[in-house]
Amino acid sequence: TDGARVSALVIGSGYGGSVAALRLAQAGVDVQLVEMGMAWDTPGPDGKIFCTTPNPDQRSFWLRTRTKQPFSQFLGFPIDKDIPRYTGILDAEEFSGITVYQGRGVGGGSLVNGGMAVTPKRENFGAVLPTVDANEMYDVYYPRANAGLGVATIRPAWFDTTDWYQFARVGRKQAQRSGFPFVFVPDVYDWDYMEQEAAGTVTKSALAGEILFGNNYGKKSLQKTYLPKAAATGRVTISPLHRVTQVIPASGGGYTVTIEQLTTAGAVSTIKTVTADTVFFAAGSVGTSKLLVKLKATGALPNLNAEIGKGWGDNGNVMCGRANHIWDPTGASQSTIPCAGIDNWAAGGAFAEVAPLPTGIETWASFYLSITKNPNRAQFTWNPTTRAVELNWQTAWKQPSIDMAKTIFEKINSTEGTIYRTDLFGTYKIWGDHLTYHPLGGAVLGKATDNYGRLAGYQGLYAIDGSLIPGNTSVNPFVTITALAERNIEKIIAQDF
Ligand code: FAD
């Protein structure tokens, strides 16, 4: 409510925000959780909360009048279509050289992501978070995050026989024939539920094309894990469709936070201010960076240090498809949940997730999202003329990612005598080098903050999300974001509250 005083205000309800809210509340702190997206707890006219990937409606995209699918076309046909402007679940946020996909709603990215829940290999951790004690992370916080998120792996015997993972078995066979390690990748999807979907005993979700715009069943998003636990404490109030725009030191201590209430058309209906003793920035790498860069540049928080906005990376994301021979069908029926990958990180700097292409027809296509060791880092800056935050990433900076991904796919193509698909990202275009699903950095741990996420220059301000991680996690990022948040909040509660 307008004019209220709160003890902890958390901006954003993704992984960092949900961990902060739960642990603060369990420690007896009252929490106001502010989320600019919708609650996603009420069915639409079709009886479902989320729309499917093949049939996007207004629920699909954040404030757009036309969809912006990661693939622009398929088999030569453009696939984007007009939709009503609405506070939908997936934001395709466009900067000059890259489109950054992000979840919008209570649960953040957990609402839209593939659920791949990967703990980095311990030998790679030093490069991921150089200032963090690895022993503590692997003994305490990674296990805590994996348990809290409900991470599990597909049953190998089912993997070996089900039609729904034919595409991944083709991926395995081809990886192994080229001598690459093939690994199962854990996920937060309920694998028992998926087996029941296949058996026809429950309503289908992953086996009905649901993924990018939310899963109605089966996926354990934060709505099913951290957030209900936080609500059960009775100390967490969640405000959906509320966007934080300003944080400024209050005269009597604490911070005055300005919050816009949004309509589902994206208009501002009310502006509120609350006073908060502490503020946790958990708006995601892009959201937190945009706020902090603006607040520093416009004089609201001038003492934030010069590291704000720096160290941003795309986790080396690059996509591609391969065309298989007619005797290697990948299946008309594909689960939307990836469960396996090809690991060439040590030798080639690439980890390729064998991704589904659930079109409902046989395409003979293999599709991959690669995470690569791309060294390029970008910076967010404030443009006083447009009054907007810009990111200086350039599309050409993906070239190292393409080169690293090629260490896997050139080999597989030569072993198999196959070629790349050129029809997924444009006409005669092999590489999906225009986007990322994994934004990381902008308020890097130990640089913009101390070693626990306390923002330099101000007491009681914290960053606790993907903005802390310097650009790359060597695997899919949300387990690391969750584990780091668990580590940091424990220290913050012990020392600052
Ligand atoms: P987020 O989860 O992004 O949460 C931030 C929240 O803050 C959002 O809900 C946002 O609406 C809100 N917010 C932003 N600004 C404001 C503001 N000013 N006021 C109020 N609220 C605000 N990762 C994996 O590990 N495995 C995967 O399989 C995987 N697949 C993905 C697939 C897709 C399509 C996408 C988009 C992402 C995927 N990711 C995956 C990435 C993962 O979802 C993110 O890394 C993760 O969600 C980031 O967590 P976070 O806590 O930093 O922020």
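At what angle do the axes of helix α3 and helix α11 cross, and within what distance do they come?

## Basis of the description

The model is predicted, so that local features need pLDDT of at least 70 and side-chain atom pairs count only at pLDDT 80 or more, while totals for chains, interfaces and linings use all residues. Residues are numbered from 1 along each chain as its sequence is written, and side-chain values use heavy atoms, with hydrogens and water left out.

## Helices α3 and α11

The axes of α3 (residues 134–149) and α11 (residues 478–496) come within 8 Å and cross at roughly 115°; axes are lines fitted to C-alpha atoms, for helices over the stretch in contact, and angles run from 0 to 180 degrees between N-to-C directions. Helices are DSSP runs (H or I, at least four residues) numbered from the N terminus.

On the α3 side, the contact (heavy atoms within 4.5 Å) includes Glu-136, Met-137, Tyr-141 and Arg-144, and on the α11 side it includes Phe-478, Thr-482, Glu-486 and Arg-487. By class, the contact of α3 with α11 has nine nonpolar, three polar and five charged residues; Ala, Val, Leu, Ile, Met, Phe, Trp, Tyr, Cys and Pro count as nonpolar, Asp, Glu, Lys and Arg as charged, and the others, Gly among them, as polar.

## Helices α1 and α11

Helix α1 (residues 15–26) also packs with α11, their axes coming within 9 Å and crossing at roughly 35°. Among the residues that meet here are Tyr-15, Val-19 and Arg-23 in α1 and Phe-478, Thr-482 and Glu-486 in α11. The contact of α1 with α11 divides into nine nonpolar, two polar and two charged residues.

## Helices α5 and α10

Helix α5 (residues 166–177) and helix α10 (residues 399–416) pack at an angle of about 90°, with their axes 9 Å apart, and are therefore roughly perpendicular to each other. Gln-174, Ala-175 and Arg-177 of α5 make the contact with Ile-412, Thr-415 and Glu-416 of α10.

## Around the ligand

Of the 37 residues around the ligand, Glu-35, Gly-109, Met-116, Gly-466 and Phe-478 come nearest, where a residue counts as near if one of its heavy atoms lies within 4 Å. A polar backbone atom of Gly-109 is 2.9 Å from an oxygen atom of the ligand, and a polar side-chain atom of Asn-113 lies 3.0 Å from a ligand oxygen atom.

Methods:
Helix = DSSP H or I, 4+ residues; strand = E, 2+ residues; numbered from the N terminus. Polar contact = N/O pair within 3.5 Å; in protein donor to acceptor, adjacent residues only side chain to side chain. Parallel < 35°, antiparallel > 145°, perpendicular 65-115°, else oblique.
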